[in-house]
Amino acid sequence: MVTASGAPGTAALLRGLRENGEREVRLVGTDMSERSVGRHLCDAFHVVPAGGDPTFPDVMLELARRERVDAVLPQSSFDLQGLAEHVDRFPMPVLVSKPDTIARSNDKAETYALLQRIGVRTVEFRRVNGARAVAAAARELGYPDRPVCFKPVFSSGSRGFRILDPTVDRAHQLLYERPGSVAMRLEEAVELLPDEDGPDLLVMELATGGERTIDGIADGRRVVLGHPKTREAMRAGLAMYFVTLDDPELMKIADRIVVELGIEHFFNIQLVGDHVIEINPRISTIVYQEDLDLPYLGVKRALGEITDAELGEHAARVRPGRTALRYFDQLEFDQSAPA
C-alpha cells in the first residue's frame, strides 16, 4: 500500500515496484484527494483523511487489513508521524522510522541544531514567530547587505520557502515570471506576516551552489544501501533532472546523520552547496536502474526477504552518471467509467 499516491513521484515509484523482475505485485494506493493518479495506476485505491487527521492511523490500519497488504510504504512527510505512532498495531511492516526520529527530522530548527552539534555543515538560523521577529532575525543574518531566506519550521516540498532579497526586480517578476516567485523583499514579507501567534518560522542564511541529495535505506545505525545524486532544473519547487554521483564523503555525512537520528528504512538528505538543508525520513525521487530497484529492495528488506548484508552488495551496481529526467504526462478517462 502506497500512501500519498498523488505525489509527483508516484508514477515512477509504482512502475518501479511493478517492474521488479521477480514477481507480480498488487498495488493499493491511498490519497486525501480523489483526483490522485494513484486511482488510475494502482489496482485498488482509497480516499483517506489527511496524515495529520487523528483518524488517519485507524483508517490506514483498517484498509491495510481489508486489502491484506504485505507492507505500507508512505510517500508524504505529512503521513509519517501518524503511522509511526501506531506502527505496533499494524500486522504488516510499515516503512517508517520511530516517532522521535520523524519529529526531529521534520522540525527544521531541531535538524539544524543537530547538524551543528555533530559537526555537519549547515546554515545559520534563527527560530522566530511574527513579523517583527522575522525582520530582526533577517538583519542579524546580514540583510540587506546579503539575501537571506525563511520557511516554516515544518514544511515539505518547498512549501512556504521564500528568499528575502532587497535587489529583487518586482517589475520583472510581474511581467516576465510565472506566479509564485520565491524571491521578495523583507518589507513585503513583514506586511503579509502576522505580528504574533503565527506559525514558527526559520530565518536562515541563504545557502548557494549546486543541489545534491543522498537517497538510501538505513537500519538506524548506518546506510545499508544508497548513493548521492545531483538535483537540478527546478520547476514549481520540484527538481526535474538528476545525475547519480560517486562521492564517498557525502555517504560519510549520511552515515553520521543516520546514526544520530536513528533513521530506518528510506531516507533523503538534501544539500545546497556544502550545506545540509533538509533531512527526510521517507522515500523521495529515485533514479532507477534495470539492475537496481531501490524501492523494491527496501520493501523486500522490510519483509525479511533480503538481509542487510545482501542489500549492501547491491552498492556495486550503482552507476555514476545514471540520469533521470522528469516530465509532465497525463491520463485521459471518462468520468462515468469505473476507476
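1. L174, L175 and Y176 make a nonpolar surface patch of about 430 Å². Patches take residues with over 30% relative accessible area and no salt bridge, joining nonpolar side chains (Val, Leu, Ile, Met, Phe, Trp, Tyr) within 5 Å and like charges within 9 Å; accessible areas come from the Shrake-Rupley method with a 1.4 Å probe, and for residues only the protein chains shown count as cover. L174 lies in helix 8 (residues 170-176); helices (H or I, at least four residues) and strands (E, at least two) are DSSP runs, numbered from the N terminus. L174 is exposed because its relative accessibility is 70%, where exposed means over 50%, buried under 20%, and partly exposed in between.

2. This is a predicted model: local features need pLDDT of at least 70, side-chain atom pairs count only at pLDDT 80 or more, and totals for chains, interfaces and linings use all residues. Residues are numbered from 1 along each chain as its sequence is written, and side-chain values use heavy atoms, with hydrogens and water left out.

3. The structure holds 26 salt bridges (a side-chain nitrogen of Lys or Arg within 4 Å of a carboxyl oxygen of Asp or Glu). One of them pairs E188 with R170 at 3.0 Å, N to O. E188 is in helix 9 (residues 186-192) and R170 in helix 8, 18 residues apart.

4. Another salt bridge joins E278 to K151, with the closest N and O atoms 3.5 Å apart. This pair links strand 13 (residues 275-280), which holds E278, to strand 4 (residues 148-152), which holds K151, 127 residues apart. E278 is buried at 10% relative accessible area, and K151 is buried at 7%.

Methods. Buried < 20%, exposed > 50% of the residue type's maximum accessible area, 1.4 Å probe, protein only.
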